[in-house]
Structures are given as structure tokens and as C-alpha cells.
Amino acid sequence: MTTKEIADKTVQVNEEGFMTDPNEWTQDIAAAIASEEGVSELTPEHWKVIDYSREVGLESGSAPTLRNITKGAGVPTKELFGLFPKGPAKKVAKISGLGKPEGCV
Amino acid sequence: MKNLLILGAGTAGTIVANKMRRLLDNDEWRITIVDQHETHYYQPGFLFIPFGMYSKNDVIKPKRDFIPQGVELIMSPIEAIEPENNRVRLAKDGRILNYDFLVIATGAHTHPEETPGIKENGWHKDVFDFYTIEGAVALAKHLRTWQGGRMVLNVVENPIKCPVAPLEFLMLADWFFYEQGIRDRVEITYATPLPGAFTKPIASKHLGDILEEKGVKVVPEFYIERVDPDAKKIVSYEEQELEYDLLVTVPLNMGADVIGNSGLGDDLNFIPVDKHTFLSPKYDNMFVLGDAANLPTSKAGSVAHFAVDCFSENFLRYIDGLDMLPTFDGHANCFIESGFGKGLLIDFNYDVEPLPGKYPLPGIGPFSLLQESEMNHWGKMLFRWLYWNTLIKGEEMPLPARMTMAGKWDK
Ligand SMILES: Cc1cc2nc3c(=O)[nH]c(=O)nc-3n(C[C@H](O)[C@H](O)[C@H](O)COP(=O)(O)OP(=O)(O)OC[C@H]3O[C@@H](n4cnc5c(N)ncnc54)[C@H](O)[C@@H]3O)c2cc1C
């Protein structure tokens, strides 16, 4: 386990830069990770997705799947790809501080 | 009398039925298993059918032949699972089965209809799958006379069963077209939602290099939105387009419909369970084995086999009131056919990704890990024999259920 300085806060991350303790997350951290991931500005549409994912993630202990987000947050898949290009499930998880999605093995 | 009810007589269900009949007392336990189809398919064999290496007859046998005496086999679709009432409703005659313990092993199934355009006018003309017997047989027929062009293999979404099968398909295709004398007229492309050839980094690098050597173009992070069967192209959510003359798709994989209808699954109808013991966190008499479980390991027959080994020991503890041990480590062991009479082997678990090295196997091995060898090809071929003759009968296999680091090169 390593730590990383994000938005002036030291947080724990895994080797791919996913935060491992969702409680260390802040909105500033989200914005900082987002810009690292090529999402330069977090609009209300982005926050709708992030807030929903945080809610689900904290409750279930793991990041929601794309399917879950489209249904639960009511954002169509295509729009998610527009908001978080190149792999929205992974990007949303990372920005929301929820650890790497376990789905693909 | 106590009732152990098993749903699904595929790989996992059949192994459980055999194992538990040997382990549980006949006078105390009634074991029942339900499935809707008479035929047991050796699914790993589907891979070889398109290339004429296996025929349909090589991969089918009656399910009944593998259900031991003392286990009742009921042929019927399962209509609903009602864990609150410890019972299951069957479609046939509205029959109701009560249970004391339930094992769900209803597998994973492909859903081509979930992606627009797959199952339309191109279906089984220039759009095929090989994850079903029908698809594999139709593709075999098509490939016998195909003259070449652009072949695109697309994985719609993960997880899929046997995540290495698409890679094997690509490598066998390279070999097959070479044998047909048309390799120079075929362009092979692999469009995958993954960032590389495979899920785990070290194996992804090794396998990616092998694909490159074989002239397979990998298009990573391709999330398909739709197939356009008229323009013969696949289109991603990010408007990336790939044209094809032959599209081979691995459609969305989901757990059985009955799981969704009974409200037991996640978004893809896979059932959440404890990843070391297979016990449902919601119902303390419900276990889920094989592809039906929502577990972060490969959906594979070899995994199902290791899983049942761990489960059966634990189940005996559980019914005697002892705590279960967290024995299952996510162990997966997969031969990867790579064409030209060769293959690779990967061996991994929840914590250790596939590493290169040697896999020791007393009497037969060693097999080389993550490297091509003829020995690995024979391992893969032998697997069919083992599957029908020992694996699904729940007999001892020469493979330990838990992963070992012996022989692996750990950095
Ligand atoms: C192309 C391909 C290649 C593969 N290659 C390999 C390989 O090389 N190595 C490997 O280890 N694994 C491989 N696999 C994976 C392996 O076949 C599966 O992981 C394994 O069969 C899973 O077993 P299971 O018991 O969970 O599911 P299954 O064997 O699929 O059994 C599920 C059973 O449940 C029944 N069922 C479902 N719903 C209902 C219902 N409502 N009512 C009644 N019955 C129902 C079905 O009829 C079926 O018999 C491959 C799979 C494919 C498709």
C-alpha cells in the first residue's frame, strides 16, 4: 500500500492510483483526480454520477457497475461515455474514491 | 430426512451432486438436482468446433449419465426461487420443492439481443458467436468456404465465462487461415473493452505480445454500442467504427433469468456470495457455485471444480455446526490453446496474478506457464477426457484446489 498527495491531502492508494479508503475522499480530491484522468471540469452532470456512485459504493463496499449507474442515476450509457471518456466505470470509481471495480477478471 | 436441493446440472451442479452423494449419509440426506435440458455440453469444446477440430458429437452427452444413483434428477425449467420460504417452484406441473439447503449452479448465458444489431439480418450470415453450440456449428460451416477478408472478434462486456476463450479463438483463427492457405487474405482484429489483451497486467503483456507476433491487431477500450449489419461495421459508444466482413461476437454474459426474476442477483443476474465459502450473505442455507456466483475470479470449469472441492469440506463442517474455513482462494487454472499444436497455461488466484514459470504436476508435467509449448496443447486436449471421465463425476483430479507458488517466477 502506498500513499499519495492529492489536493493537499495524503491518502492511501493502490498501485494503479485507486484510493483504498473511501472515507479519505473529498470533493477537492475528486476534482484533482478528474483532471489527472482528462476530465478537466466537473459539471453538475458529472456530480450527479459521482454522488450516486458514492452513495451506492459506501453502502455496498464496492464501486457500482456501469449498468447500475445508468439505471440508478438515470444517465444513459452514451452520455456517461461523453462525461467520462475511455472507460467510465473505472473512471467514475477512481474519481469517487471507491477503489478499483472488482468486475473484470 | 434433510433435503439438499441443487439447481442446475451443468459442470458445478453435477460435481456437487456426485461429491455430496458420496459424503452425505443416504439415510439422512435426500439429494435432488434440477435442470431444464437433457444434454450436458462440454463448453470448452465449443472453441474447437468452428475450426473443424471437434464436431458437435464430441461435446455432448446425456446429463443423466453423470448423475449418480441416490440423487433424484428432475427435468424441468426452474420458475422461481423463494428463499424466504425455503422452496423452489418448477415450471413442470407447478411442482414445488422444499429444501433445507440450497445450492444454486445455474451458470452464465449469452445475450446477443442486448446489443442492437447483433441478432438482426446479419445473424449467422456474417455475424456469429461461438459460445453456444448453435453458433459454433454455424460458424464452422461458414468458415469452410470463407474466402478471407476482415475478421473482427468483439467482446461486448465483461465478465464473460472463460475470459481466455476469445484469445484462443484469435490464435486458432491465425493458424486455421494459414492452413487454409488464405492467411495473407485475412485481417484479424480484436476489439475488447479491456485496456489490453487480458485482465491481469503481466499476462496481458505476455498475451498481447503473442497476439502481435501472430499479426492480430488489438483495439483496446472498445465499448460496443451497436452493430450496423447493413454497413457491416461495429460502432462504439465513443463513435469509433470498425468494418468487418466477418464478425465474431462474444455477447453479453448474464446469470440465469430465474435469478433475476427471483430478485437474487446483481445487475447482470449474478448472485453475491462470500468469496471464500460461497455462502449467501442473506440466506444462511443458500450457497452459489460456478458461473452463477458474483465472484472476482474467472468463470471457468476448472474454477468450479476447485470451488466444489473447498465447498464440500466446508459444507460438512457447516451442517455439524462448525465454522466454515475461508478455504477458497479464487484459484483458476486455464490452458490457452495458441494454434500450430501449441498452448499456454495460466494459474492464478484472488491475490496472485498469472506469472511465468513452470507448473509442476507429478507424473505428467511440468507445464510451462505463460509460454507456448506442445505439452500445454496436449494438456488442453487431455482436459476433455478428464472432464467427462473424472472432473464432473467429482473424482480426485491430480490438481490441488488451492494455488501454489511452486515453480512460479515471482519477480
Ligand atoms: C467457448 C467456451 C470455452 C470455455 N473454455 C473453458 C476452458 O478451456 N476451461 C475451463 O475451465 N472452462 C471453460 N469454459 C467455461 C466453463 O464451460 C464454465 O465455466 C462451466 O461450464 C460453468 O459451470 P456451471 O455449472 O457454473 O454452469 P453450466 O455448466 O453452464 O450449467 C448451468 C446449468 O443450469 C441450467 N439452468 C439454468 N437456468 C435454468 C432454469 N431456469 N431451469 C433449469 N435449469 C437451468 C442450465 O441448463 C445448465 O445445465 C468455457 C466456456 C465457453 C462458453
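**Where domain 1 meets domain 3 in chain B**

One salt bridge is found across the interface of domain 1 of chain B and domain 3 of chain B. The model is a predicted one. The side chains of R384(B) and D58(B) form a salt bridge, with 3.6 Å from N to O. Six residue pairs, both partners at pLDDT 80 or more, are in polar contact across the interface of domain 1 of chain B and domain 3 of chain B.

Now turn to the domain 1 side. Three elements of chain B, α1 (11-23), β3 (39-41) and β4 (60-62), each supply at least two residues of the side that touches domain 3 of chain B. By class, the residues of that side are 13 nonpolar, six polar and three charged.

Step back to the chain.

How many residues are in contact? On the domain 1 side of chain B there are 22, and they meet 10 residues of domain 3 of chain B.

The size of an interface is often expressed as the accessible area lost when the parts come together. Here, about 1600 Å² is buried between domain 1 of chain B and domain 3 of chain B. Carbon and sulfur atoms give 69% of that area. Within domain 1 of chain B, the residues that lose the most area to domain 3 of chain B are Y42(B), F48(B) and Y54(B). Together they account for 32% of what that side buries.

Notes: Residues are numbered from 1 along each chain as its sequence is written. Chains are lettered from A and ligands numbered from 1 in the order in which they are written. This is a predicted model: local features need pLDDT of at least 70, side-chain atom pairs count only at pLDDT 80 or more; totals for chains, interfaces and linings use all residues. Side-chain values use heavy atoms; hydrogens and water are left out. Contact means heavy atoms within 4.5 Å. Buried area is the accessible area (1.4 Å probe) that two parts lose on being put together, summed over both. A salt bridge is a side-chain nitrogen of Lys or Arg within 4 Å of a carboxyl oxygen of Asp or Glu. A polar contact is a pair of N or O atoms within 3.5 Å; within protein, one must be able to donate a hydrogen and the other to accept it, and residues adjacent in sequence count only if both atoms are side-chain atoms. Helices (H or I, at least four residues) and strands (E, at least two) are DSSP runs, numbered from the N terminus. Ala, Val, Leu, Ile, Met, Phe, Trp, Tyr, Cys and Pro count as nonpolar, Asp, Glu, Lys and Arg as charged, and the others, Gly among them, as polar.
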